[in-house]
Amino acid sequence: MKGSTLTSHPNSFVSKLQEERLNRLRHRMKVYFDGSRPDHQEALRALWSATYPGKELHGLISDQWKEMGWQGRDPSTDFRGAGFISLENLLFFAKTFSTSFQCLLKKQGGNRSTWEYPFAVAGVNITFMIMQMLDLDALKPRTFIRSVFLQMLSENEWAFDLLYCVAFVVMDKQWLEKNATYMEFNEVLKSTRTQLERELLMDDVLRIEDMPSFTLLC
């Protein structure tokens with residue numbers, strides 16, 4: 001494929017759509033979490049409601065957040081690595097694949113470690129890992145993975161969020177297979193990235209839904 005990914009597609013409309021969606025996604029990636037913004041506060045409340053339906057949240061700063069796997073009483077301090085999009089990813093996962101989300105949250109599958117990964121913080125790390133893997137901030141594509149993903153983005157505006165959900169279940173599966181503990185979390189995250197890259201480059205994978213590991217979601 002020669003030239004820019006955004007102009008090489010024979011259909012100029014698709015190329016324009018792809019560019020618009022890439023710019024929108026880049027904008028999402030640059031938004032820092034701001035606890036003073038009402039929409040960010042509402043997104044946090046929405047995450048709580050989606051995670052614990054019917055359970056009252058006592059405040060945006062509360063010990064309750066530790067149940068979800070945040071490091072302290074104030075989850076906003078954990079978003080610094082990946083920004084507001086990491087909260088959006090968690091909320092998308094909770095609403096779109098609620099069964100998988102709850103299973104991972106409650107660590108229901110397999111033989112679990114006595115020192116498990118904190119669910120929510122792991123989610124933020126997964127968002128950051130995907131951002132690095134796709135290299136979307138670069139002016140020109142430096143990896144074929146990015147070019148493949150941009151084509152998927154033109155097919156589905158939620159491709160990034162769907163890839164996040166796949167990444168989370170792949171990470172947990174590898175965590176169990178490796179019988180890992182929290183000290184090995186970064187190693188599991190690296191092997192998760194390798195698995196995602198392998199699947200994205202398969203000839204018959206044209207959408208996120210075509211990835212073999214997508215079938216893990218429910």
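Reply: Helix α7 gives the most to the lining of the second largest pocket, with four residues. This is a predicted model in which local features need pLDDT of at least 70 and side-chain atom pairs count only at pLDDT 80 or more, while totals for chains, interfaces and linings use all residues. Residues are numbered from 1 along each chain as its sequence is written, and side-chain values use heavy atoms, without hydrogens or water.

The second largest pocket holds about 180 Å³ of space (the space filled by probe spheres set on grid points joined across faces, edges and corners). On a 1 Å grid over the protein atoms alone, a pocket is an open set of points with protein on both sides within 12 Å along at least five of seven lines, a cavity is a set where a 1.4 Å probe fits but cannot get out, and lining residues have an atom within 4 Å of a point. The pocket is lined by S100, C103, L104, Q108, G109, R112, V169, D172, K173, L176, L216 and C218. Both α4 and α7 supply at least two residues of this lining; helices are DSSP runs of H or I, at least four residues, numbered from the N terminus.

Helix α4 covers residues 98-105, and S100, F101, Q102, L104 and L105 are buried there (under 20% relative accessible area, with exposed over 50% and partly exposed in between, 1.4 Å probe, protein chains only). Of these, S100 and L104 are also among the pocket-lining residues. The buried residues of α4 pack against α2 (38-51), α3 (84-96), α5 (119-134) and α7 (159-177), contact being heavy atoms within 4.5 Å. Just after α4, K107 has a positive phi of about 55°.

Helix α2, one of the partners of α4, contains H40. H40 is buried, at a relative accessible area of 1%. Neighbours within four places in sequence aside, H40 contacts V31, Y32, F33, D34, F84 and L87.

The structure has one cavity of 30 Å³ or more, and the largest cavity holds about 40 Å³. M152, E155, N156, A159, L162, L206, R207, I208 and E209 line that cavity, and α6 (144-155) and α7 are the elements that give two or more residues to the lining.

D161 and R28 form one at 3.0 Å, N to O. Because D161 lies in α7 and R28 in α1, this pair ties together parts that are 133 residues apart in sequence. Both D161 and R28 are buried, R28 at 15% relative accessibility.

R28 also bridges to E88, with the closest N and O atoms 3.1 Å apart. Since R28 is in α1 and E88 in α3, that pair joins parts 60 residues apart in sequence. E88 is partly exposed, at 26%.

Within α1 (residues 12-30), K16 and E20 sit four residues apart, about one turn of the helix, and their side chains meet in a salt bridge of 2.6 Å, N to O. An α-helix has 3.6 residues a turn, so residues three or four places apart point the same way. E20 counts as partly exposed, at 35% relative accessibility.

Note on methods. Salt bridge = Lys/Arg side-chain N within 4 Å of Asp/Glu carboxyl O.
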